Structures are given as C-alpha cells and as structure tokens.
Amino acid sequence: MDRVQVIEAAGDYVDSGGLEADLGRLVARRSVSQSEGRWEELQAYLEKEMQPLLLSMGFSVEIFDNPREGGAPLLIANRIEGEGLPTVLVYGHGDVCNGEAHRWREGLEPFRLTREDDKLYGRGTADNKIQHLINIKALELLIRKNGRLGFNAKIILEMAEETGSFGLREFFKANRDRLLADVLIASDGPRLAIDTPTMFMGSRGGMSFNLIVNLRDGDHHSGNFGGLLADPAIILAQAIATITDARGQIKIAEWRPTSLTPDIRAVLRDLPPRRHDADWGESDLTPSERVFGWNSFAVLALSSGNIDAPQNAISGSARATCQLRFVVGTDIDNIIPALRRHLDANGFPMVEVRAARGEAFQATRFSPDHPWVRFVEQSLTRSAGRRPHVLPNLAGSLPNDAFTEILGLPTIWIPHSYAECGQHGPNEHVLIPIAREGMQVMTALFLDIAENAASL
Ligand SMILES: [Zn+2]
C-alpha cells in the first residue's frame with residue numbers, strides 16, 4: 001500500500017466506527033489507579049484488552065509485576081523484524097483517574113462511551129486510552145496491509161501514571177535491555193490548536209514544597225499581644241514577596257534558567273497566541289516563552305488562622321504550599337538550597353522550607369534540530385498539509401526523564417487531544433476530527449519510518 005492509500009485506510013477505520021467501538025471497550029474497563037480503583041481491573045486492562053490485540057499483531061507480549069510493593073502491573077510487547085532496522089518505542093498508560101460519576105452531567109457516565117456529535121465522552125478517553133489506541137492501531141494497519149512494519153517496534157504500557165508513575169523508573173532500570181530503542185514516539189496531552197498537529201520533545205519539571213513559619217503554640221489575643229508578638233502570617237507574606245516581584249518575576253538568580261537560547265526562541269516564535277494577563281510574568285518574554293521556555297513560581301495554597309471564622313488573635317503559625325515549574329537548565333538539586341540561601345540572606349531564617357509529598361519531576365527537552373525531530377516534523381507536515389506546532393517541551397510535567405535519562409532516548413510526543421477535553425475532571429472527552437487526523441498522521445509516520453529505515 002502506498003502513502004495515500006494508507007492515509008485513506010486510516011481515515012476509514014475512524015469513519016466506519018472502528019475506533020469508536022475499540023475505544024468503547026477500553027473505556028468500559030474501570031482501570032482506575034487512584035483511590036476508587038481495584039488492582040484486578042488494572043491487570044485485566046493489560047491481560048484482556050492489550051495482550052490479545054498485540055498478540056494478533058505478531059508481537060510477543062509479557063506482563064510484569066511492579067518492582068515496588070503494591071504497584072500496578074506493566075506490559076512490554078516486541079515485534080523485531082530485523083537487526084539492522086531502527087527500533088521505535090511506543091509508550092502509553094491504561095490507568096485512569098477516579099471516575100467521580102456524580103460530577104458528570106446528565107446523560108453521561110464515566111465508564112460508558114457516549115457519542116454526541118463529534119465528541120466521544122468517557123473517563124480515560126483523552127488521558128490516555130485513545131492516544132495509545134491510535135498509535136497501536138496505526139501499527140496494526142501497516143502490518144495488516146503490508147504484511148510487515150519495516151522496522152522494529154516495542155511497546156511499554158504502565159498502569160500507574162495517575163499516581164505518579166509509581167515504580168516506573170525502577171522498572172526501566174531493571175529492564176533497560178528489554179526497552180532499548182532508537183527513539184520514543186508516544187502520545188499524551190493536548191494539541192496547542194485543534195486544527196494543527198502538535199509535537200513536543202520533553203516537559204517542564206515540577207517541584208512542590210512548603211514554607212512554614214511556626215513561632216509558638218496556640219493563638220494570642222491581638223489586643224493584649226498585638227505589637228508585642230511576631231505575626232507569622234506577615235512574616236510569611238514578606239518572605240514570599242522576596243521570591244518574586246509584584247508581577248511574578250522570579251528574583252532568585254538560580255531559579256532563572258539560562259536555556260532560552262536563540263534556537264529555542266525561534267521555535268517558540270510561530271506558535272499561536274495563548275490566553276494570558278499582559279501585566280503578569282517575565283516582562284521581556286512573549287507568552288509562549290513564559291510558559292514553554294521559562295520557570296514559574298506559584299503559591300498553590302496559603303493558610304493562617306481560620307479564614308471562615310477569624311478570631312481576634314495572632315496565630316502561632318502560617319503555612320504556604322508552593323511550586324516551581326522549571327525548564328531544562330535549572331539544577332533540580334539546587335532548587336531548595338538556593339531558596340534556603342535566599343531566605344537567609346533576606347532576613348527570613350525563621351521560614352522553614354520542607355519538601356512536599358509526591359515525587360519531583362525532572363525537566364527534559366530535546367533539540368528541535370535533532371534528526372529524528374526533523375524527520376517526524378517533515379512527515380507530519382506532509383500528512384496534514386501544514387506544519388505542526390513544534391514545542392521544545394510541554395508546559396506541564398510527564399515522567400519523560402525515565403526515557404531520556406534511564407534509556408537515553410530522544411523523545412517525541414504527538415498529542416491526540418485538545419485543551420478543553422476535561423481530562424482529570426468530569427465530562428472527559430475527545431474530538432473525533434483530531435482522532436481521525438491523529439490516526440492518519442501516525443499511520444503515515446510509521447510508513448515513512450519503514451521507507452527510510454536505512455537512513456534512520
Ligand atoms: Zn492524567
């Protein structure tokens with residue numbers, strides 16, 4: 001089958017209802033990895049859905065226990081066609097967030113796929129079931145029509161992404177040889193614009209921490225003690241005010257990245273406009289540079305006293321949970337020490353910095369000039385008839401460092417959803433036109449890899 005026929009067949013799979021039927025079965029599996037979930041459902045997703053599909057495509061399939069106690073299972077599938085051929089690793093996660101059925105609007109249920117016009121509703125549709133389904137179905141289409149892929153493919157599926165990819169890094173370290181490849185091509189997250197494919201090569205990192213001012217036990221009468229006892233809420237507010245200026249520009253030198261180089265700026269120049277407040281963030285940067293090429297500090301929560309029933313008293317303590325989102329070029333191990341030095345230098349040794357629960361995410365990014373990136377960009381341009389939006393990294397965070405740091409792979413993500421898809425909330429859905437184009441560009445991309453296997 002040639003390129004035009006392959007693209008046509010990919011569109012037919014969506015138009016004939018094939019994708020909807022396949023997605024419907026996956027959504028009906030209640031593969032929740034959060035508090036509402038059951039281990040058996042996670043195992044069933046791999047054993048009853050993914051394993052038979054991949055076996056029918058000529059892959060060898062193995063399901064593994066999580067290396068960490070109580071963790072979710074993982075699946076590796078391989079189809080090795082030749083030693084000299086390039087090997088593509090595909091990743092997906094079959095687990096989903098809690099269903100929260102009571103929050104969905106009437107007529108919708110989290111674990112029943114519902115079609116309304118060009119939308120398919122259901123928990124996990126966007127995050128991440130349609131995304132890995134499309135990529136696997138694109139591989140299947142080539143195998144069925146051409147009898148072979150023309151390259152080697154490996155697939156890794158985890159079932160714990162929504163709980164911070166528990167055990168994924170340990171699993172990668174223990175199974176590094178099984179996962180070796182030339183490139184990761186995977187899908188997650190939203191496109192930048194509905195009508196244009198997006199690709200990104202990494203993600204911002206994220207680290208959360210608490211700032212605590214704990215001066216004494218209990219509250220003290222504000223008349224008898226005001227002006228005598230230090231007020232922890234005022235101290236905390238003043239301390240936070242030294243971290244950024246009034247428009248949120250970071251003032252800690254070590255927290256300001258050095259990686260916004262001319263080539264990254266050039267990539268960010270052509271992106272569509274984003275919603276933003278004109279008087280917020282780094283004044284010298286464009287909105288795209290602020291969110292994809294820079295670091296941002298946020299106060300996620302702030303508390304002292306009882307805001308619903310304030311007492312005439314000076315609290316004993318105040319607390320803030322804060323977060324730094326950061327790009328490559330920020331030393332993750334120096335984030336907290338730099339903050340400590342900054343607070344001490346500004347007269348706030350009484351402000352304690354304590355790590356928040358949950359793992360920190362590393363920042364990753366691959367050069368837009370890497371040969372694999374150029375190759376994928378050209379393939380998407382040819383298939384879609386327009387250039388994709390190319391981001392050096394996603395603004396959010398992903399376990400991408402497991403691929404770049406442990407496996408040493410270039411990573412290319414091609415999302416099949418959009419920003420308003422409601423992932424992690426009620427009424428999660430995908431758009432059929434994006435899914436259709438996603439199916440077409442992925443099938444054509446895999447064909448292009450096969451046809452250029454000698455030079456990749
Ligand atoms: Zn998610």
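Visitor: This is a predicted model. At 0% relative accessibility, does W413 count as buried or exposed?

Guide: Buried means under 20% relative accessible area. W413 has 0% relative accessibility, so W413 counts as buried.

Visitor: What kind of aromatic pair do F403 and W413 form?

Guide: The ring centres are 6.4 Å apart, within the 6.5 Å limit for a pair. Planes over 60 degrees apart count as edge-to-face. Those of F403 and W413 make 75°, and the pair is edge-to-face.

Visitor: How many residues apart in sequence are the parts that this pair of F403 and W413 ties together?

Guide: F403 lies in helix α13 (residues 401–406). W413 lies in strand β16 (residues 411–413). The pair therefore ties together parts that lie apart in sequence by ten residues.

Visitor: Which residues do ring pairs link into a cluster?

Guide: F403 and W413 belong to the cluster. Ring pairs link them with three further names, giving Y91, F172, F200, F403 and W413.

Visitor: Which strands stand at the edges of the open sheet?

Guide: Four strands form this sheet, in the order β11-β13-β9-β14, with antiparallel pairing. An edge strand has a single partner, so one side is left without a neighbour in the sheet. That holds for β11 (296–303) and β14 (352–355).

Visitor: Which residue in β13 is the bridge partner of F297?

Guide: Seven bridges join β11 to strand β13 (residues 317–326), and the two run antiparallel. In β13, the bridge partner of F297 is L324.

Note on methods:
Residues numbered from 1 in each chain as written. Predicted model: local features only at pLDDT ≥ 70, side-chain atom pairs only at ≥ 80, totals over all residues. Heavy atoms only, no water. Pairing = 2+ DSSP bridges. Phe/Tyr/Trp six-rings, centres within 6.5 Å; stacked < 30°, edge-to-face > 60°. Buried < 20%, exposed > 50% of the residue type's maximum accessible area, 1.4 Å probe, protein only.
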